[in-house]
Amino acid sequence: MKFGIILGSTREGRVSPQVGAYIKEIADKREGHEFEIVDVAEYNLPFMGTATPNTKWNEKINELDGYIFVAQEYNHGMAASMKNAIDSARDEWFNKAAGIVSYGSAGGVRASEQIRLVLGEQKVADVRTNPAFNLFTDFENFTTFKPGEHMEPGINDMLDELILWSEAFKTIR
Ligand SMILES: Cc1cc2nc3c(=O)[nH]c(=O)nc-3n(C[C@H](O)[C@H](O)[C@H](O)COP(=O)(O)O)c2cc1C
């Protein structure tokens, strides 16, 4: 199966590429599955409804069997770019599973919980385990990602749950 590791932030100086690369490194150890970085910034998505949609985004979301959202927290919520990316597709998301990996000063879990709420409407089933990185302890100067080894089991739990549910969902699509 093919999974997308979705980088939700687009701001200059963002750290999401570092977090996504680390998740990919661990996920790539899973034989028989493909994991690719899907960078929202590369799609230049217009705010939904304000310009011609970028259908490449819809094609990419459609071709994937499941997702890992790399979620950052801004003002106690998900990034606007993440919400817009989720809103910019519809049926392409349906009947798939997702894991969420978050970061922020409190692990980014407030952003994760918002994403869960929104995914329900897009018929995406989010798995329980949410590895949550802390800006104070898993980053140097809040910019260089240095995750503790203790985070790895949680990432593997999330991957186990995601693969299991994605296999199940494949049978009903
Ligand atoms: C405008 C703004 C608001 C933020 N608000 C929060 C917040 O409410 N809670 C939190 O934990 N971190 C907050 N942060 C810190 C971000 O989570 C942190 O900068 C993170 O690296 C952002 O992800 P990015 O680097 O991928 O853009 C905020 C950062 C910005 C720029």
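1. Which residues in α3 meet which residues in α4? Met 82, Lys 83 and Ile 86 in α3 meet Ile 115, Val 118 and Leu 119 in α4, where contact means heavy atoms within 4.5 Å. The residues of this contact divide into 5 nonpolar, no polar and 1 charged.

2. This is a predicted model, in which local features need pLDDT of at least 70 and side-chain atom pairs count only at pLDDT 80 or more, while totals for chains, interfaces and linings use all residues. Residues are numbered from 1 along each chain as its sequence is written, and side-chain values use heavy atoms, with hydrogens and water left out.

3. Helix α3 (residues 80–87) and helix α4 (residues 109–121) pack with their axes 11 Å apart, at an angle of about 10°, and they are therefore roughly parallel to each other (angles under 35 degrees count as such).

4. Around the ligand there are 16 residues, the closest being Ser 9, Arg 11, Tyr 74, Tyr 103 and Ser 105 (a heavy atom within 4 Å is required). A polar backbone atom of Glu 73 is 2.8 Å from an oxygen atom of the ligand, and a backbone N or O atom of Asn 75 lies 2.8 Å from a ligand nitrogen atom.

Methods:
Axes fitted to C-alpha atoms, helices over the stretch in contact; angles between N-to-C directions. Helix = DSSP H or I, 4+ residues; strand = E, 2+ residues; numbered from the N terminus. Parallel < 35°, antiparallel > 145°, perpendicular 65-115°, else oblique. Nonpolar A, V, L, I, M, F, W, Y, C, P; charged D, E, K, R; others polar. Polar contact = N/O pair within 3.5 Å; in protein donor to acceptor, adjacent residues only side chain to side chain.
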